Structure formats: structure tokens, C-alpha cells
Amino acid sequence: MATKMNPPLLRYGWGNFRPRYLQFMNNCKCFLLFATAFSISQGMTVGGITSTVLTTIEKRFQFTSKETGFIAASNDISAILLTFIVSYCGGYGNKSRWLGYGALITGIGCLLHALPHVIIGRYQPEADHGTSTGQRQLLCHTNTTNTTSGLESSQCLSKYAENWYYLMIFSVAQMVMGAGTSPLYSLAPAYIDENVHPKSCPVYFGVFFAAAIVGPGLGFLVGGAMLSNYVDLEMPKGFHITPRDTRWIGAWWLGYVIGGSLLVLTSVALSGFPRHLPGAKERREKLLKESAIPLNDQNIKETIKSIIPATVQLLKNPVFVFNALALSATTFGSAGVGPFIVKFLYLKFNLSLAIAGLAIGVAVIPGAGVGVFLGGLLVRRFKLKEALFMAAKWCLIIKVVTMLTSFIWLIPGCDEVQLAGIVKPYWDSTIRDDSLISTCNKNCSCPLTLIRPVCGSDKLTYFSPCFAGCTLSAPNGVYSGCSCVSPPFNVSVPMASRGLCDRGSGCKNHIAFLVAVLLLLLTGLILSVPNKTVVLRSVPDNIRSYALGFQFVFQRTLGFIPGPILYGWLFDTRCLVWAENCGRRGNCQFYDVPSLSFGIMLVTGTFHVLAVLFYFISFWYCRKRTALDEAKSSRKSVENGKELNDQDSSL
């Protein structure tokens with residue numbers, strides 16, 4: 001009966017199409033379902049899949065780590081520009097409809113992100129043996145008259161010479177996805193907050209933010225599974241390579257097509273909810289009269305002109321500002337290293353990119369999901385009028401604990417690759433180190449375009465058979481006549497075999513690293529719900545949506561954008577050997593992994609310390625504010641008591 005009596009504007013549907021049989025969806029539980037679907041799909045594609053496939057994109061399109069870091073950061077450029085307007089205007093409109101538009105735009109961005117796969121054409125790996133040009137470049141031909149640049153001239157006719165074009169497409173696609181995501185983390189929590197009783201909100205927030213973190217974890221799993229498939233889904237005839245082969249390129253684009261399609265469908269469901277769910281407006285007015293939640297700021301109206309006084313109001317609120325700065329410092333580390341976590345596993349623990357993506361997904365989903373949900377249960381235990389103080393207190397306590405997790409990057413991994421000429425000198429070297437060229441291969445005209453590491457019988461790794469001085473190859477991946485390989489006593493002809501040399505037992509430590517990541521996420525993401533509780537309970541009721549959006553602007557400007565770029569630069573500065581393509585530098589082929597691990601630990605630890613400092617300042621101002629509120633309440637009680645006494649005396 002209640003559903004039948006609801007006026008049209010409070011019914012579920014689109015325009016004049018609001019049939020009775022759809023009204024079972026007109027409640028906050030169904031809204032939460034579709035909001036979490038948006039959050040999971042967006043997190044899966046923009047977060048997890050992007051982080052998993054960035055290294056493959058880097059390899060396929062010959063980008064540097066700094067360029068792939070820029071791709072990851074582009075998502076937040078458009079979001080910063082739009083979040084101000086979307087969170088403010090959407091806060092006074094139909095929030096769910098804004099979310100529906102956002103999901104549609106994000107889906108279009110995902111489909112656009114897969115476009116370079118169509119443009120670049122089919123991928124043709126080089127053969128291991130035969131008479132192809134690529135195979136001739138793999139071997140040492142001392143009598144050839146070609147120089148390295150001459151051998152590479154045909155390569156320069158490839159689409160790699162215009163990789164800026166693909167960089168632009170990827171960046172624009174990320175910007176479109178960022179524009180679509182801009183209402184998600186400001187309007188969805190605000191819609192929940194105004195349609196659910198405050199005592200139940202923490203549980204709803206726990207589910208929503210758990211989905212926001214589970215999404216990237218699911219993306220790692222999906223991305224890893226996609227990378228297990230060949231990029232064109234069907235290999236060229238005569239090729240049977242595996243994901244462990246250096247020539248392998250996985251189907252990086254497929255996850256974007258799946259995620260984009262899901263987002264377009266979700267947008268339809270979200271756009272059908274009314275501005276207020278039945279009974280929510282009356283409950284909100286009652287709570288405001290009881291002062292159970294912050295009152296409205298009467299100086300801020302529902303006009304675009306009021307965005308300036310609303311911004312000033314937030315910037316003058318130290319509890320809000322330092323809470324946002326603490327979240328931004330935390331985000332700098334997590335968003336910075338996130339796009340490269342799969343690459344880190346690949347480099348340090350010698351996992352394939354597909355397996356590394358799956359492994360990170362297995363760690364992220366339970367760690368992050370359980371962590372956020374526990375944060376919701378924690379806040380639910382707070383008394384309504386003490387929620388702000390207790391949330392700020394627990395933010396500080398939990399952040400101090402998670403600060404210790406900075407050392408997980410120092411967990412020992414595989415032994416460093418003993419790369420001839422860079423890490424270890426050639427056995428007959430008369431040329432200085434830090435060069436792949438030696439007297440044994442200087443006449444081979446070896447290109448840096450083709451990386452095909454081989455393990456010599458002297459247990460050194462060589463960049464390719466050509467740099468090992470090998471002149472003959474066999475179908476089983478064994479090369480012979482290798483003049484740069486120091487011959488062992490029991491072998492007459494120096495040889496090399498395909499792949500890196502054994503890197504020791506430390507590669508098995510990836511399990512310990514993944515357990516540490518799980519614990520890091522479990523403890524760190526308990527903060528999610530307390531952090532949002534501080535925002536919602538420290539600002540006037542009528543600018544809650546804008547406050548969440550403004551906090552997200554802080555987070556994106558100071559965390560999501562500079563973080564990936566700085567960590568990409570950090571990876572590039574630890575590069576030992578760069579590929580060369582068409583006379584320009586390509587992607588990095590070998591890294592100084594021990595130095596890289598220490599650099600990540602140092603940067604991450606620094607921003608953890610900053611986050612602790614900011615959470616402490618936010619808590620200190622919160623405690624001061626709580627003391628003032630208690631004093632005002634006591635003074636008011638005394639005044640009310642005096643009035644009652646005066647009335648009794650007059651009687």
C-alpha cells in the first residue's frame with residue numbers, strides 16, 4: 001500500500017515510465033546494490049585492470065614508465081576539474097541520476113581505452129630460428145655491412161614511430177573515465193547518508209567502500225586472466241609461445257570491453273531512482289530538529305554562486321582540511337605504487353605478468369574488503385553524538401600501526417640478474433662496464449630493439465644471442481658459437497640457452513610479500529569509513545556532498561595525479577638498460593631491483609609519516625571542538641535550569 005501511495009516523484013522509473021512492478025527496487029538496499037555495481041566495475045577497469053596491463057601496454061607501445069605513469073594519472077585530471085561542479089550541483093539535484101550519467105560516461109571511456117588495439121593491428125612476434133630479418137638481428141653476423149641503425153631501419157616503418165598518438169588516446173580515454181567517476185565517491189555516500197538512519201549508515205558505507213576496494217582486486221584477477229590470452233586471441237601460424245616468453249603480449253584490451261559494457265548497463269539502473277526515497281526527507285528533518293546531525297548553514301544557498309562561500313567554509317574547518325591532507329598523503333603512496341605493483345612482482349619475484357596480476361587480486365580482495373567492512377562495524381559502535389571525535393581518534397591510531405608496513409618492500413626477492421656488461425663485466429672485456437658492447441660483439445651490429453635474454457654456460461645473462469656473440473641457433477632455443485661466453489672446462493663450444501639464468505630461491509618469497517600486502521590492506525583500509533565519518537560529521541548538513549567531493553579533489557590533486565608520475569620516474573631512474581626504437585629510447589629492459597625496492601620503501605614511508613602528522617592535527621582540533629561543544633551544552637543546561645528555578649519561584 002505504501003508503494004501505491006507514493007507520489008510520482010518518489011517512484012522508481014524514468015520520466016513518465018514508473019510502473020508498479022518496478023517499485024520493489026525503490027529502496028536504499030537496491031540503490032546500494034547498483035552503486036556498488038558501479039563502484040566495482042569502475043574499480044575493476046580503472047584501478048585493477050589498468051594496473052595489471054600497464055606493463056604490457058608499455059611493452060606493446062614502447063612507452064617509458066614515466067609515460068605509463070602519466071596515463072594512470074590522466075584519469076584524475078578531468079575528475080579534478082569536474083568534481084567541484086558535480087559534487088556541488090549534484091548535491092542539490094537527483095544524486096542517483098548524476099551517478100547514472102557518470103556510469104555511462106565511464107563505460108564509454110573504457111571502450112575508448114581499447115581503441116589502440118584496433119588501430120595498431122595484429123602483433124607479429126619474431127621467430128626464434130629461421131631466416132627472417134628479426135632472426136638475423138638476433139644472431140651475430142660479423143661480416144655484415146649493416147650497422148645497428150641500418151638493421152633497425154625497417155622497424156622504423158612500424159607504428160611504434162608514432163607512439164605519441166597512442167599515448168594521447170590512452171590519456172584521453174583515462175580523462176573520460178575520470179570525468180564519469182567524479183560523482184561516485186561524493187554523491188553516492190551522500191545519497192546513502194540522507195536516505196538511511198545515521199546508526200545504519202556505517203554498515204552501508206562499509207559495504208560501499210568495501211566494493212570500491214574489491215573492484216580493483218577483482219580487476220587484478222580479470223586483468224591477469226586476460227593477459228594469459230594472446231593479444232589477438234589467436235597466434236600467428238607457426239608460433240607456440242607462452243606467457244613466460246619475452247615475446248608474449250597478453251590481451252590487455254579485453255578487460256576494458258567487458259568493464260565498459262557492464263558500466264553502460266549499470267547506468268540505466270542507477271538513473272531510475274528518485275531524488276529522495278520514500279520517508280527519507282521526514283526522517284532527516286526530525287534528526288535535524290533533535291541536533292543528532294549537524295545543522296544546515298543558512299548562508300549557503302542552492303545556487304552556483306554559493307560554491308565560493310561553501311569552499312571558504314570548508315577551508316576554514318581545520319578538522320576537515322587536515323583529515324583531507326592525511327588521506328591525500330596516504331593516497332600518494334597507494335595510488336603511486338598501485339599501477340606498478342604487478343611490474344614489481346614481475347621484476348623482484350620473477351612472476352609472469354599474468355600470474356602477478358592474479359596473485360595481487362587474491363591478496364587485495366580479502367584484505368581490502370574485510371578491512372573496509374571492519375571499519376564500518378567499528379564506526380557503528382560509536383554513539384551518535386560522539387561519532388566525530390571517536391572517528392578522528394581511530395584514524396590516528398590505525399595510521400600509526402599501518403606506518404610500519406613501509407618495510408614490506410624490503411622483503412628479499414630473486415637474486416639480481418647478472419647481466420653481462422652492466423652488472424658483471426664480459427670475461428674478455430677491455431671496454432669499461434655499464435655497456436652491453438664488448439670486443440667480442442662490437443662488430444656484430446646488435447640492435448637494442450630486440451630483447452631476447454639468454455643464459456650463457458658461464459652463468460651470465462646476456463641481453464640477446466647477438467650480444468652473447470652467438471652465430472648459430474637451434475629450434476630448441478639453444479645458441480652456439482657464442483664468442484662472448486666464457487667456455488667452461490668441460491664444454492668445447494660456448495653456448496647459451498633461451499631465458500634468464502637461475503635467480504635463486506628468493507623468488508619463492510613472493511608468498512610472504514603477498515601476505516604482507518594483504519595485512520597492509522586489511523589494517524590500512526579500516527580507515528575508509530572512519531575517515532568519511534569525520535567529513536560527514538564535521539561540516540554543515542547541506543554541504544555534505546560538496547565536502548566529500550572537495551576532499552576527493554584534495555586526494556586527486558595531491559595523491560592520485562603526482563603519485564603515479566613520481567613512482568614512474570622512480571622506476572625509470574633505476575633502469576639499467578633501455579631499449580632503442582627508431583632512434584629514440586623505448587621502454588626499460590632491466591632494472592636495479594634492490595635500489596628500486598629501497599626507493600619505494602623510502603618514498604612510501606615518508607608519506608606514511610606525513611599522514612600520521614596530519615591525522616594527529618585533525619584529531620587535536622577535533623578534541624578542541626568537542627570540548628567547546630560540551631562547554632556550550634553545559635552552559636545551555638545551566639541556563640535552562642535557572643529559567644526553571646525562576647519559574648518555580650514566581651509560582
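**Exercise 1.** Between which two elements does the loop with Ser 406 lie? Then decide whether Ser 406 is buried or exposed, and list its contacts beyond the local sequence.

*Solution.* A friendly reminder before we start: this is a predicted model.
- Step 1: the loop holding Ser 406 runs between α17 (387–402) and β1 (454–456).
- Step 2: the relative accessible area of Ser 406 is 4%. Buried means under 20%, so Ser 406 is buried.
- Step 3: leaving aside residues up to four places away in sequence, Ser 406 touches Met 601, Thr 604, Gly 605 and His 608.

**Exercise 2.** Find the largest nonpolar core and work out where it lies relative to domain 1 and domain 2.

*Solution.* 
- Step 1: this core has 144 residues, and Phe 208, Trp 252, Trp 409, Phe 513 and Ile 600 have the most contacts inside it.
- Step 2: helix α2 (residues 28–61) gives the most to this core, with 14 residues.
- Step 3: because domain 1 (22–141 + 162–278) and domain 2 (307–411 + 509–644) both give residues to the core, it lies between them.
- Step 4: apart from this core lies another, of 28 residues, including Leu 139 and Phe 590.

Conventions: Residues are numbered from 1 along each chain as its sequence is written. This is a predicted model: local features need pLDDT of at least 70, side-chain atom pairs count only at pLDDT 80 or more; totals for chains, interfaces and linings use all residues. Side-chain values use heavy atoms; hydrogens and water are left out. Helices (H or I, at least four residues) and strands (E, at least two) are DSSP runs, numbered from the N terminus. Buried means under 20% relative accessible area, exposed over 50%, partly exposed in between (1.4 Å probe, protein chains only). Contact means heavy atoms within 4.5 Å. A nonpolar core is a set of buried Ala, Val, Leu, Ile, Met, Phe, Trp, Tyr and Cys residues joined through side-chain atoms within 4.5 Å. Domain bounds come from an automatic or database domain assignment.
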